[in-house]
Number of protein chains: 2
Amino acid sequence: MPANQVDKLARMFRALSNPNRLKLFMNLLEESKLDLAKGRTHDCFLVKLLGGLGDIGAPTVSHHVKELADAGLITTERDGKQLICSVDPDGLAALRAALTVAG
Amino acid sequence: MPANQVDKLARMFRALSNPNRLKLFMNLLEESKLDLAKGRTHDCFLVKLLGGLGDIGAPTVSHHVKELADAGLITTERDGKQLICSVDPDGLAALRAALTVAG
DNA sequence: CCAATAGTTCGACACTTTTGAAAGTATCAA
DNA sequence: TTGATACTTTCAAAAGTGTCGAACTATTGG
């Protein structure tokens, strides 16, 4: 496995290594599962993803969202005042492939 | 998803978030794939897993191995002077389950 | 016993990460 | 235009991480 591919994977894992970020991502993934299983993407307002993150400030959320996006795990898009988040299916597939034992 | 389960997952992802640790784990996973696919475990001497880790010192390797073991991703066992590493199938399964979209 | 090998523990240092306060920007409603 | 909402940026403090050198332990061969 080439070194820059390892680094990219490590960056994705790093993005999921913080409990708050992982919750954010897992909430989005849960929200998106039905669509993802059918090969579609699923959009979700950021505010819907904040469950279980106990009083964490807006700057921190903003930072975490950026980390997930920079790692290639989610994509974001503005809709007026609000931010829409989606799981990046390619990023998810890359993670799953790295952990796959048969195939 | 319960909070302590999220924390445990986050710890696994953290263990894979460092490129050197990820290489170590991927080398072991590659080495183990045939056996794991058949539901067996695979043992591997630590020294065999050091490929691609460019001049990193023994204390650092030792530290990284412990992080992977503490996270529940590998198990270790002594054989005389040497250390034997194996992928922990339960840890691997937990990671894969967290990233699974259908199922 | 002595020396060599393989790994561990400790202490230190540079660097990164997490978080929040304060101030900033963009959008919308009135 | 004014005010509110929703996020972002910047700065800084506290905590965590990656790495190494030096010293340590355990095991083996002679």
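The model is predicted. Chain A superposes on chain B through a rotation of 180° with 0.0 Å of shift along the axis, at an RMSD of 0.0 Å. That is the relation of a two-fold axis. The contact between the chains takes 24 residues from chain A and 24 residues from chain B, while 20 residues surround DNA strand C and 20 residues surround DNA strand D.

**Symmetry and the contact between the chains**

- Phe13(A) is the residue of chain A that comes closest to the rotation axis, with its C-alpha at 2.6 Å. The same surface serves both copies, since 96% of the contact residues of chain A recur in chain B.
- The contact draws 24 residues from each of chain A and chain B. On the chain A side, H1, helix H2 (19-37) and helix H4 (89-98) each supply at least two residues.
- H2(A) gives the most to the side of chain A that touches chain B, with seven residues.
- By class, this side of chain A has 16 nonpolar, three polar and five charged residues.

**Packing of helix H1(A) against helix H2(B)**

- Helix H1 (residues 3-15) of chain A packs on helix H2 (residues 19-37) of chain B at an angle of about 105°, and their axes are 9 Å apart. H1(A) and H2(B) are therefore roughly perpendicular to each other.
- From H1(A), the residues Val6(A), Asp7(A), Leu9(A), Ala10(A) and Phe13(A) take part; from H2(B), they meet Pro19(B), Leu22(B), Lys23(B) and Met26(B).
- This contact of H1(A) with H2(B) has seven nonpolar and two charged residues, and no polar ones.

- Three strands of chain A form an open sheet in the order E1-E3-E2, with antiparallel pairing. Strand E1 (44-45) and strand E2 (74-79) stand at the edges with a single partner strand each, so one side of each has no neighbour in the sheet.
- E1(A) pairs with E3(A) in the antiparallel sense over two bridges. Within this pairing, Phe45(A) has Ile84(A) as its bridge partner, and Cys44(A) has Cys85(A).
- E2(A) and E3(A) are also antiparallel, and six bridges link them. Thr76(A) has Cys85(A) in E3(A) as its bridge partner; Cys85(A) is likewise the bridge partner of Cys44(A).
- The hairpin of E2(A) and E3(A) has two residues between the strands, and Gly80(A) there takes a positive phi near 65°.
- Helix H3(A) lies across E2 and E3 of chain A, and runs at about 125° to E2(A).

**Strand pairing in chain B**

- Strand E1 (residues 44-45) of chain B pairs with E3(B) in the antiparallel sense over two bridges. Phe45(B) stands opposite Ile84(B) in E3(B).
- Strand E2 (residues 74-79) of chain B and E3(B) run antiparallel and are joined by six bridges. Ile84(B) in E3(B) is the bridge partner of Glu77(B).
- E2(B) and E3(B) form a hairpin with two residues between them, and Gly80(B) in the turn has a positive phi of about 65°.

**The surface near DNA strand C**

- Among the 20 residues that surround DNA strand C, the closest are Asn18(A), Gly57(A), Gly80(A), Pro59(B) and Ser62(B).
- H3 of chain A, together with H3 and strand E3 (82-87) of chain B, each supply at least two residues of this surface. H3(B) gives the most to the surface near DNA strand C, with four residues.
- The surface near DNA strand C has eight nonpolar, nine polar and three charged residues.

**The surface near DNA strand D**

- Around DNA strand D, the closest of the 20 residues are Pro59(A), Ser62(A), Asn18(B), Gly57(B) and Gly80(B).
- Helix H3 (58-70) and strand E3 (82-87) of chain A, with helix H3 (58-70) of chain B, each supply at least two residues here. H3(A) gives the most to the surface near DNA strand D, with four residues.
- By class, the surface near DNA strand D divides into eight nonpolar, eight polar and four charged residues.

Key:
Residues are numbered from 1 along each chain as its sequence is written. Chains are lettered from A and ligands numbered from 1 in the order in which they are written. This is a predicted model: local features need pLDDT of at least 70, side-chain atom pairs count only at pLDDT 80 or more; totals for chains, interfaces and linings use all residues. A residue is near a molecule or strand if its C-beta atom, placed from the backbone, lies within 6 Å of it. Ala, Val, Leu, Ile, Met, Phe, Trp, Tyr, Cys and Pro count as nonpolar, Asp, Glu, Lys and Arg as charged, and the others, Gly among them, as polar. Two strands pair if DSSP finds at least two bridges between them. Two residues are in contact if their C-beta atoms, placed from the backbone, lie within 7 Å. Axes are lines fitted to C-alpha atoms, for helices over the stretch in contact, and angles run from 0 to 180 degrees between N-to-C directions. Copies are superposed by least squares on the C-alpha atoms of residues with pLDDT of at least 70 in both. Angles under 35 degrees count as roughly parallel, over 145 as roughly antiparallel, 65 to 115 as roughly perpendicular and the rest as oblique.
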